[in-house]
Amino acid sequence: MKIIKDEIATIKRGRRVTVELESGETLINVRGGRYYRLGGQVEDIVQGHVIVEMTDVYWCSITQKWENT
């Protein structure tokens with residue numbers, strides 16, 4: 001994701017951000033105090049702050065565990 005423009009919020013309107021997504025990327029809006037159902041086979045319910053604080057990871061076949069990128 002590349003941020004094209006980031007305007008500071010004013011009293012009359014909120015913050016405006018223009019982004020350019022790469023192929024395969026998806027942009028989502030997550031609010032900290034709300035609850036969300038995870039998709040796929042997980043289907044757990046989590047609070048928004050859990051999603052906001054997520055980190056990018058990958059599976060290491062050598063250590064056999066998830067590692068931070």
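## Salt bridges

To how many salt bridges does the count come in this structure? The model is a predicted one, and the count comes to 3 salt bridges.

One of these salt bridges links K5 with E7, whose closest N and O atoms are 3.3 Å apart. Through shared partners, the salt bridges join K5, E7 and R13 into one network.

A further salt bridge is formed by the side chains of R15 and D6, at 2.7 Å from N to O. Is R15 buried or exposed? R15 is exposed, because its relative accessible area of 57% is over 50%.

## A nonpolar surface patch

Which residues make the nonpolar surface patch? The patch is made by M1, I3, V17, L21 and L27, and its area is about 460 Å². One of these residues, I3, belongs to strand β1, which covers residues 2–7.

## Strands β5 and β6

Strand β5 spans residues 57–60, and β6 spans residues 65–68. The two strands run antiparallel and are joined by 4 bridges. Within this pairing, V57 has N68 in β6 as its bridge partner.

The hairpin of β5 and β6 has 4 residues between the strands. Where is Q64 found? Q64 is found in the loop between β5 and β6. The phi angle of Q64 is positive, at about 60°, although Q64 is not a glycine.

Y58 lies in strand β5. With a relative accessible area of 40%, Y58 is partly exposed, because this value falls between 20% and 50%.

With which residues is Y58 in contact, leaving aside its neighbours within four places in sequence? The contacts of Y58 are K65, W66, E67, N68 and T69. A separate comparison can be made with R34: Y58 and R34 are 24 residues apart in sequence, and their C-alpha atoms are 27 Å apart in space.

## An aromatic pair

How many aromatic pairs does the structure hold? It holds 1 aromatic pair. This pair consists of the rings of W59 and W66, whose centres are 5.3 Å apart. The ring planes of W59 and W66 stand at 70°, and because planes over 60 degrees apart count as edge-to-face, the pair is edge-to-face.

The accessibility of each partner can also be stated. W59 is partly exposed, with a relative accessible area of 43%, whereas W66 counts as exposed, at 56% relative accessibility. W66 is also among the residues in contact with Y58.

How values were computed
Residues are numbered from 1 along each chain as its sequence is written. This is a predicted model: local features need pLDDT of at least 70, side-chain atom pairs count only at pLDDT 80 or more; totals for chains, interfaces and linings use all residues. Side-chain values use heavy atoms; hydrogens and water are left out. Patches are made of residues with over 30% relative accessible area and no salt bridge: like charges are joined within 9 Å, nonpolar side chains (Val, Leu, Ile, Met, Phe, Trp, Tyr) within 5 Å. Accessible areas come from the Shrake-Rupley method with a 1.4 Å probe; for residues, only the protein chains shown count as cover. A salt bridge is a side-chain nitrogen of Lys or Arg within 4 Å of a carboxyl oxygen of Asp or Glu. Buried means under 20% relative accessible area, exposed over 50%, partly exposed in between (1.4 Å probe, protein chains only). Contact means heavy atoms within 4.5 Å. Rings of Phe, Tyr and Trp (its six-membered ring) pair if their centres lie within 6.5 Å; planes under 30 degrees apart count as stacked, over 60 as edge-to-face and the rest as tilted. Two strands pair if DSSP finds at least two bridges between them.
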